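Here is a friendly walk through the pockets, charges and rings of one protein model. Please keep the viewer open as you read.

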Amino acid sequence: MPDPAGLSFTSWRRSALYSLAQAAPVDGRLTGRLNLSMTDTAEPGVTTPGSVPFHFIAPRDIDGIDPRTVLRTAPATGVVDAETTKMVHIDFADPALPWQYSPTRAAGAALRPWMVLLVGESADMQIDRTAGRIRVQPSVIADLNLTRSHVWAHVQREDGRGEIARLVCPHRVPGAAGGELLIAHRDYTAAVVTAFDDAAGPAWTGPIGSPIELTLLYSWSFRTGDSGDFESLATAIDPDSAAGLGTAPLRYARGAVRADVHVRGAISTLADDTPAEITEVDRLRDDVSALLADAEALADPLGRSVIGPPRYGRSWVTDPRTTTWGTTLNDDPRLRGTAALGVRMGQDAQDDLVAAIVAELGATTLAAHLVAHLAFGVEIGGSLWRRMLPDDPTEQVALLAPLLRRLRATTGSAMEAITGAESPLVPEVFSTAARRMLRPRTARTRHATAPVTHTSAIGYVNTCRIDPVPTGDGFPGIDSVAEALGAPPAEELLRDPRGHLGVEFPVDIVVSLLPQPPKPRCNPTYLGGVAGVITPSLDPRGPNSPGRRRVQSRIRGLDIGDLRPPEYPAGVDYPTWILLRDRAKEWLLPGVGTLDPDSVVAMQTNPTFIDAFLVGINEQVLGELRWRTIPIDRSSTPLLSFWRHIDFRTGARVADIRGVGDWADTSDLGGPEHQVPTGVDHGATGDLVLVFRTDLFRRYPKTLVYLVRKPVPDNPATVDQLLRQTPGFLDPSGSGKHIAPNFQGTISRDIVFFSFDIDPGTLEKFWVVLDEPPTELRFRRFSGEADDALAAPLGESATTSAAFANATLDHPTRVAFDGADLKARGLAIGTP
C-alpha cells in the first residue's frame with residue numbers, strides 16, 4: 001500500500017545563528033561572538049571593527065516546554081489498547097524544537113537533540129511534578145545509548161502539511177518477546193526529558209546500577225492491549241480446509257427405514273452432495289411423503305380434527321404439496337428440520353420479533369381498535385336508527401331539531417337556515433318547552449277542539465298568512481289630501497269667500513294615501529327537503545356519518561371502507577441470522593467450533609436453508625401476531641431478511657427473499673425466483689463466503705476485505721502491479737477488478753465472515769485481499785513477519801535520523817490469498 005504523498009524526512013533543523021557557536025561549550029552552554037563594526041557619523045570614513053560575545057540557551061536553563069507545542073502522541077494519552085510492536089513517539093509543531101537548545105554543534109547530518117523520549121512501565125518511572133523531575137529505574141534506559149540519540153529525532157515533511165519534529169523511543173522493555181517492544185496489558189509512562197547535564201555532557205552514560213533523576217519536560221500514560229499488530233496478525237492467517245465444516249450429521253430412523261445423512265447450515269461447504277447422499281435422501285423423502293399421506297388419511301369417528309405432522313407453507317398455500325417448493329420442503333427431512341428450527345427461533349425470540357413488527361406497523365394497532373369500536377357503534381346505532389326514526393319528514397325534523405343548532409349551514413347553523421327572515425318558522429317551535437307543552441294527553445292537548453301534536457303545531461306555524469287592509473282609523477285627513485295635491489291648507493280654503501279655487505280631489509289620489517299593509521315576504525320551509533338533507537348526514541350507517549368522519553380523520557393512509565378489521569402487510573427489516581448466532585451457532589455454520597485459529601476458509605451461502613428457515617419462522621410469527629390480535633395481513637411475509645445484503649445499484653440493504661405468497665408454484669426451494677436481486681447476476685444461487693478465525697478483526701474492525709480479479713495474463717509481474725493498486729468499488733455490476741463484500745457478520749469474538757456476490761465456483765479467478773485500515777504514521781523496531789522475530793532491529797545501521805526514520809517507518813500492510821488455493825481447500829469433505 002502506498003505511503004502518504006510527498007512524505008520525506010530530514011535529520012535536524014535549527015536556527016542559522018548556531019553557525020556562530022564555538023566548538024566547545026562553556027559552563028554547559030554554547031558560546032559565540034557576534035562581529036560588529038562602528039561607523040562615526042561625524043566622520044563617515046572612520047570605522048571601528050569589533051565583536052560581542054554571547055551565550056546560547058542550554059538545557060540547564062529550561063524547566064519545561066509549553067504543552068501547546070505538542071501536536072500529538074502515539075499512543076494517545078489514556079488509550080488502553082496500545083500496540084506492543086510500535087515505537088512510542090511524540091510530534092511537535094516547531095520543526096526545530098528538539099535541536100534548538102542542544103549544547104553541541106552539528107557533525108554533518110548528525111546533531112544530538114537536547115531532549116529524548118523515555119518509555120517504561122509506570123512503576124519504574126516516578127514523577128515529581130512540583131519539582132519538575134522524574135526518577136527512572138535503570139531498566140528504562142538500559143538499551144538507550146545517548147551517543148545514538150541523534151537518530152531518535154527527525155523532521156518530517158509532507159506535501160501540503162509543512163514540517164513537524166518528532167521524537168521516537170527505540171527502547172525495548174525487559175521481557176518483551178519476539179518482535180515486540182512492550183509487554184501486553186501493562187501500564188506505561190512516556191516522558192520527554194533533557195538529554196544533557198548541566199555541564200553539557202550526556203545525562204547518563206553506559207549501564208547504570210541505580211535510579212537517576214532527570215528534568216521532566218512532558219509526560220503521558222497509556223496501557224497496552226493484546227500482543228501483536230495488524231501485520232503480525234494478518235500474516236499469521238493461513239487458508240484452511242473446509243472438511244467437517246458447513247454440514248451436520250443427521251440420523252433418520254422410522255420403523256425399518258434408517259439412514260445417516262448430512263444437513264447443510266446457512267453457511268455451507270463448496271462441495272456438492274455425493275451421489276450416495278442424494279440416493280439416501282431420495283429414499284427418506286419417499287418415506288416422509290408416505291408418512292404425511294397416512295396422517296392425512298386419518299379420520300376421527302366424532303369428526304374432530306386430527307393433528308399430524310405440520311405442513312409448512314399453509315399460511316400462503318392451502319396445500320403446499322401442490323407446489324414444487326412445498327413438496328421439497330415437506331418431504332425432505334433435512335429441510336423439515338430447518339423449517340422447524342425457524343419455528344423454534346420464532347418461539348424463542350417472539351417478544352423481540354413482535355416488538356420489531358409492531359414498531360414497523362406504527363399506530364396500526366390503535367387504528368384497528370378505532371375501526372372495531374366504530375363498527376360496533378355503527379351496528380348498535382344503526383339498529384336504534386331503524387327502529388326510532390319516523391317516516392314523516394316533519395316528524396324527522398322535529399325529532400332531530402336539538403341537533404340543528406349544532407349543524408353548520410352555508411351561513412350560521414341549520415336552525416338559523418330553516419327559521420330565517422322569510423320563513424314563518426321560529427326557533428321556539430322546535431324548543432323542548434314546545435315539545436313538553438304539546439305532549440299527548442296533557443291538559444292543553446286533551447281539551448283542544450281538534451287533536452294537537454308537536455308535528456301539527458310545526459305545520460301550522462310553517463304557513464304564510466296576510467293581515468286584512470286597515471279601515472276606519474286609517475282614513476287620511478283633509479290636510480294630508482290638500483298637501484298631496486299641492487293645495488292650500490284646509491283653513492285657507494274655508495276662508496275663501498267665493499268658495500272656489502279650482503281645486504279638485506281625485507279619488508285615486510285619496511286612495512293612494514291610505515296606509516297599505518306590507519307585502520308578504522313569506523316562504524314556508526320545505527321540511528321534506530330539510531329531512532332529506534339532514535337525515536342522511538346523521539344516519540350512523542351512512543358512508544359520511546359523523547362517527548365515520550371522526551374516526552377517518554384520526555387515521556391517515558387507511559380507508560376504513562366497509563369497517564372490516566384492517567390487516568396490513570408487514571415487511572420488517574430484521575436480520576434473522578442473528579437468532580442462530582445467539583442461540584444455535586452450529587446451525588449457522590455447522591462445525592464452527594472446529595475452525596483452527598488464524599485461519600480462513602472458503603464457504604458459500606445456502607439459499608435452500610434460508611428459504612426453509614424463513615418459511616418456518618414466518619409461520620410461527622404470523623400465528624403469534626394473530627394470537628396477540630395484531631392486525632397483520634395473514635398472507636404476508638413479515639420477515640423477509642436473513643442476511644440483509646447490499647444492493648450494489650443503490651447501496652441500500654435489501655431483503656433476501658420475496659414474499660412466500662409470491663413464489664411460483666413451479667419454483668423450487670432455494671431457487672433464484674425466490675431471491676431479491678442485488679444488482680449482480682452471476683448465475684449461481686449462493687454467494688461466496690470467507691470465514692476467518694483470527695483476532696485481527698476484533699483488534700482492527702475497519703480492516704478492508706475485498707476481492708481482486710486476476711489479470712490476464714496471470715504472471716507475477718502483472719499480479720504484483722495489480723495488487724499494489726488502490727482498490728476502487730465504483731462498478732455496481734460486480735464485474736470490475738475490485739469487488740467489495742455485500743455483507744459481513746460476526747459469529748463469535750474471533751470468528752467473522754464476509755459474503756461476496758460472486759459465483760463460489762469461480763473463486764480461483766480472484767485474489768482475496770486484506771488491507772490495514774488507515775491510521776497515523778507509526779514506526780517499528782522489528783519486522784512484523786513471524787520468521788523475522790530474531791532478526792536484527794530495523795535501522796540499526798542508520799547513521800542519520802532520516803535514514804533511521806525511513807528504515808523503521810511502518811508501511812501499511814496488504815495481505816493477499818490466492819483464490820485457487822482457498823477453493824481447493826474449500827471443496828474438501830469429510831472430517832477435518
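## Ground rules

Pockets and cavities are found on a 1 Å grid over the protein atoms alone: a cavity is a set of points where a 1.4 Å probe fits but cannot get out, a pocket is an open set with protein on both sides within 12 Å along at least five of seven lines, and lining residues have an atom within 4 Å of a point. The model is predicted, so local features need pLDDT of at least 70 and side-chain atom pairs count only at pLDDT 80 or more, while totals for chains, interfaces and linings use all residues. Residues are numbered from 1 along each chain as its sequence is written, and side-chain values use heavy atoms, with hydrogens and water left out.

## The largest pocket

Let us begin with open space. The largest pocket has a volume of about 660 Å³ (grid points are joined across faces, edges and corners, and a volume is the space filled by probe spheres set on the points). Its lining counts 27 residues, and R264, D273, R334, N606 and T608 are the ones nearest the centre of the pocket.

Which elements each supply at least two residues of this lining? They are β15 (257-264), α3 (275-297), α5 (333-348), β17 (599-605) and α20; helices (H or I, at least four residues) and strands (E, at least two) are DSSP runs, numbered from the N terminus. The most comes from α3, with 5 residues. By class, the lining of the largest pocket has 10 polar, 9 charged and 8 nonpolar residues (Ala, Val, Leu, Ile, Met, Phe, Trp, Tyr, Cys and Pro count as nonpolar, Asp, Glu, Lys and Arg as charged, and the others, Gly among them, as polar).

## Enclosed space

The structure holds 2 cavities of 30 Å³ or more. The second largest cavity has a volume of about 40 Å³. Lining this second largest cavity are K86, M87, V88, V119, C169, H171, L181 and L182, which by class are 6 nonpolar, 1 polar and 1 charged residues.

## Salt bridges

Side chains of opposite charge can pair when their charged atoms come close. Searching the whole structure gives 40 salt bridges, each a side-chain nitrogen of Lys or Arg within 4 Å of a carboxyl oxygen of Asp or Glu. In one of them, D61 meets R29 with the closest N and O atoms 2.7 Å apart. D61 lies in the loop between β3 (47-55) and β4 (70-74), and R29 in the loop between β1 (8-10) and β2 (31-39), so this pair ties together parts 32 residues apart in sequence. D61 is partly exposed at 35% relative accessibility, whereas R29 is buried at 19% (buried means under 20% relative accessible area, exposed over 50%, partly exposed in between, with a 1.4 Å probe and protein chains only).

Another salt bridge joins D818 and K710, whose closest N and O atoms are 2.6 Å apart. Here D818 lies in strand β26 (residues 814-818) and K710 in the loop between β21 (704-709) and α22 (716-723), so the pair links parts that are 108 residues apart in sequence. D818 is partly exposed, with a relative accessible area of 28%, and K710 is buried, at 15%. Elsewhere, salt bridges that share partners join E83, K86, D229, E231, R780 and D810 into one network.

R311 and D319 also form a salt bridge, with 3.9 Å between the closest N and O atoms. R311 is buried, with a relative accessible area of 9%, while D319 is partly exposed at 29%.

## Aromatic rings

How many aromatic pairs does a search of the whole structure find? There are 21 (rings of Phe, Tyr and Trp, the last by its six-membered ring, pair if their centres lie within 6.5 Å; planes under 30 degrees apart count as stacked, over 60 as edge-to-face and the rest as tilted). The rings of F609 and F642 have centres 6.4 Å apart and planes at 75°, so they are edge-to-face. F609 lies in helix α20 (residues 607-627) and F642 in the loop between α20 and β18 (645-646), so the pair ties together parts 33 residues apart in sequence. Both are buried, F609 at 1% relative accessibility and F642 at 0%.

W643 and F753 are edge-to-face too, 5.5 Å centre to centre with 65° between the planes. Ring pairs link W577, F609, F613, F642, W643, F743 and F753 into a cluster.

## Charges over rings

The charged end of R14 sits over the ring of Y18, 3.7 Å from its centre (NZ of Lys or CZ of Arg must be within 6 Å of the ring centre and within 35 degrees of the ring normal). K710 likewise has its charged end over the ring of W767, 5.5 Å from the ring centre.
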